[in-house]
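Here are some notes for a colleague who is opening this structure for the first time. They are set out as numbered points.

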Amino acid sequence: MSLAFWAVREEPLILSDYIQLIYASRPFGFDDAMLNGILMEARRNNPRDDITGALICRHDLYLQLLEGPKDAVEAAFERIARDKRHLEVRQCFTSPMTERLFPDWAMRDDPVQSWMWTPQEVAAGAIEKASHLELLRVFTRLAAETA
Ligand SMILES: Cc1cc2nc3c(=O)[nH]c(=O)nc-3n(C[C@H](O)[C@H](O)[C@H](O)COP(=O)(O)O)c2cc1C
């Protein structure tokens, strides 16, 4: 096998029109009924749009990763950003996608885990202070855990 073949093979595979987007927001009136409604909409729309991902949720925080075709992810994020069920929506991270983290999930829901942040840390701006890599690692770790 030629050297050139290996050089090409070792390049990470970039699906150029596919992206991962992470945003954070603060729930407005968080309860089970509201969360179920959001998840129902996500699980109805996302398969249609070829979007997968995960939503980390607690009374003080939504942190969502959306992955899929760039146009579809951006359109979903525009709809989500206008949604009155949360406040202070801020996009943290967007990058070309090499591989889906949640290929089998139209939208996985996860509580904020003890290894993430305390409410005090969130209130003190932990999400804003986190690097892109740290945010992505949160979802990588979640994806490695069984739901
Ligand atoms: C925290 C949060 C996460 C959401 N996630 C998604 C999602 O992943 N996909 C989606 O289509 N809508 C999601 N929504 C709902 C959208 O804001 C919007 O209500 C919905 O896409 C409208 O769908 P419809 O036009 O089919 O009624 C989310 C809303 C919130 C507040």
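1. Helices (H or I, at least four residues) and strands (E, at least two) are DSSP runs, numbered from the N terminus. The loop between β5 (108–111) and α4 (119–123) holds Thr-118. With a relative accessible area of 35%, Thr-118 is partly exposed, where buried means under 20% relative accessible area, exposed over 50%, and partly exposed in between (1.4 Å probe, protein chains only). In sequence Thr-118 and Asp-60 are 58 residues apart, and their C-alpha atoms are 9.9 Å apart in space.

2. On the source: this is a predicted model, in which local features need pLDDT of at least 70 and side-chain atom pairs count only at pLDDT 80 or more, while totals for chains, interfaces and linings use all residues. Residues are numbered from 1 along each chain as its sequence is written, and side-chain values use heavy atoms, with hydrogens and water left out.

3. The chain has six helices and five strands. Their order from the N terminus on is α-β-α-β-β-α-β-β-α-α-α. Of the 147 residues in the chain, 41% are buried. Contact means heavy atoms within 4.5 Å; among contacts in the chain between residues at least 6 apart in sequence, 83% join residues at least 24 apart.

4. Which residues have the most contacts inside the largest nonpolar core? They are Ile-22, Leu-63 and Trp-117, in a core of 22 residues. The elements giving two or more residues to this core are β1 (15–27), β2 (52–58), β3 (61–69), β4 (86–97), α5 (126–129) and α6 (132–144). Its largest share, five residues, comes from α6. A second, separate core has 19 residues, including Ile-19, Met-34, Leu-39 and Leu-66. A nonpolar core here is a set of buried Ala, Val, Leu, Ile, Met, Phe, Trp, Tyr and Cys residues joined through side-chain atoms within 4.5 Å.

5. Leaving aside neighbours within four places in sequence, Ile-22 is in contact with Leu-63, Gln-64, Leu-65, Gln-91, Cys-92, Phe-93, Leu-135, Leu-136 and Phe-139.

6. Cys-92 counts as buried because its relative accessibility is 15%. Cys-57, at 8%, is buried too. The count of disulfides is zero, a disulfide being a pair of cysteine sulfur atoms within 2.5 Å.

7. The largest pocket holds about 320 Å³ of space. On a 1 Å grid over the protein atoms alone, a pocket is an open set of points where a 1.4 Å probe fits, with protein on both sides within 12 Å along at least five of seven lines; lining residues have an atom within 4 Å of a point. Of the 17 lining residues, Ile-38, Glu-41, Ile-80, Asp-83 and Arg-85 are the closest to the centre of the pocket. At least two lining residues each come from α2 (32–49), β3 and α3 (70–81), and α2 gives the most, with five. The lining has nine nonpolar, four polar and four charged residues.

8. Asp-50, although not a glycine, has a positive phi of about 60 degrees; Asp-50 sits in the loop between α2 and β2 and is partly exposed at 35% relative accessibility. Glu-88, also a residue other than glycine, has a positive phi near 50 degrees. Glu-88 lies in strand β4 and, at 46% relative accessibility, counts as partly exposed.

Technical notes:
Points joined across faces, edges and corners; volume = space filled by probe spheres on them. Nonpolar A, V, L, I, M, F, W, Y, C, P; charged D, E, K, R; others polar.
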